[in-house]
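Please look over the sequence and the model before reading on.

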Amino acid sequence: MTEDRTKLHWAALATAIRAAREARGLSQEALAELAGVAEGSVQNLESGKPRSRMPQTLAKIEPHLGWVAGSGRLILDGGEPIAISASADSGSRQDSDRLRRKLPLRIVDELESDDPLLDSAVIRLPGTDGARMTVVVHGNPDATPEQIQEALLAWRKTEEQLHRLPDDDDDDEQQAANGS
């Protein structure tokens with residue numbers, strides 16, 4: 001027997017998404033851009049209209065709302081979302097000690113900052129066999145919602161540029177083509 005998804009708490013999910021999005025100073029358009037979905041998909045989720053199937057968009061926007069994976073489903077079942085920071089609190093002292101042994105102190109201090117976390121990314125370094133860089137984007141704690149949105153859009157443009165870094169092989173080919 002299949003579940004009747006139209007009886008889930010879609011209005012509660014819509015309210016929670018809207019509240020979390022606005023608390024982060026994001027427009028529907030900015031949230032959609034961050035999550036890599038259409039703005040209409042965010043609008044549909046915020047409409048609260050019952051659905052017969054689970055939207056894939058939900059999992060894509062959860063981290064940008066500050067929720068752990070599966071939080072949307074918890075709301076649909078009558079529960080509350082779990083904040084990413086709340087799930088990370090258990091064992092955070094051990095994690096901090098492990099990070100302090102593994103990373104430079106300036107990086108650990110930045111990671112442990114109370115400044116609002118805007119986003120993060122792991123980007124493969126071109127021309128390497130699997131080497132990666134990790135980027136953590138913090139915002140100004142006193143930023144207005146407009147400033148946060150501006151910072152997120154600036155990060156998104158920077159992230160696109162990082163993903164387009166040329167491979168070492170591309171540089172060699174370009175130099176050969178230029179006669180260098």
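The axes of helix H2 (residues 28-35) and helix H9 (residues 145-163) come within 11 Å and cross at roughly 30°. That makes H2 roughly parallel to H9, a label used for angles under 35 degrees. Axes here are lines fitted to C-alpha atoms, for helices over the stretch in contact, and angles run from 0 to 180 degrees between N-to-C directions. The model is predicted, so local features need pLDDT of at least 70 and side-chain atom pairs count only at pLDDT 80 or more, while totals for chains, interfaces and linings use all residues. Residues are numbered from 1 along each chain as its sequence is written, and side-chain values use heavy atoms, with hydrogens and water left out.

**The crossing of H2 and H9**

- H2 passes H9 in a left-handed crossing, meaning that the near helix is turned anticlockwise from the far one by less than a right angle.
- On the H2 side the contact (heavy atoms within 4.5 Å) is made by Ala 30, Glu 33 and Leu 34.
- On the H9 side it is made by Gln 149, Leu 152, Leu 153 and Arg 156.

- Six of the eight residues of H2 are buried (under 20% relative accessible area, with a 1.4 Å probe and protein chains only), so H2 is largely enclosed by the rest of the structure.
- The buried residues are Gln 28, Ala 30, Leu 31, Ala 32, Leu 34 and Ala 35.
- Their cover includes H1, H3, H4, S1 and H9.
- Just after H2, Gly 36 takes a positive phi of about 75°.

- Leaving aside neighbours within four places in sequence, Leu 13 is in contact with Leu 45, Leu 58, Trp 67, Gly 72, Ile 75 and Leu 76.

**The whole protein**

- The secondary structure comes to ten helices and two strands, taken as DSSP runs (H or I, at least four residues, for helices; E, at least two, for strands) and numbered from the N terminus.
- Buried residues make up 29% of the 180 residues.

Methods. Angles under 35 degrees count as roughly parallel, over 145 as roughly antiparallel, 65 to 115 as roughly perpendicular and the rest as oblique. Buried means under 20% relative accessible area, exposed over 50%, partly exposed in between (1.4 Å probe, protein chains only).
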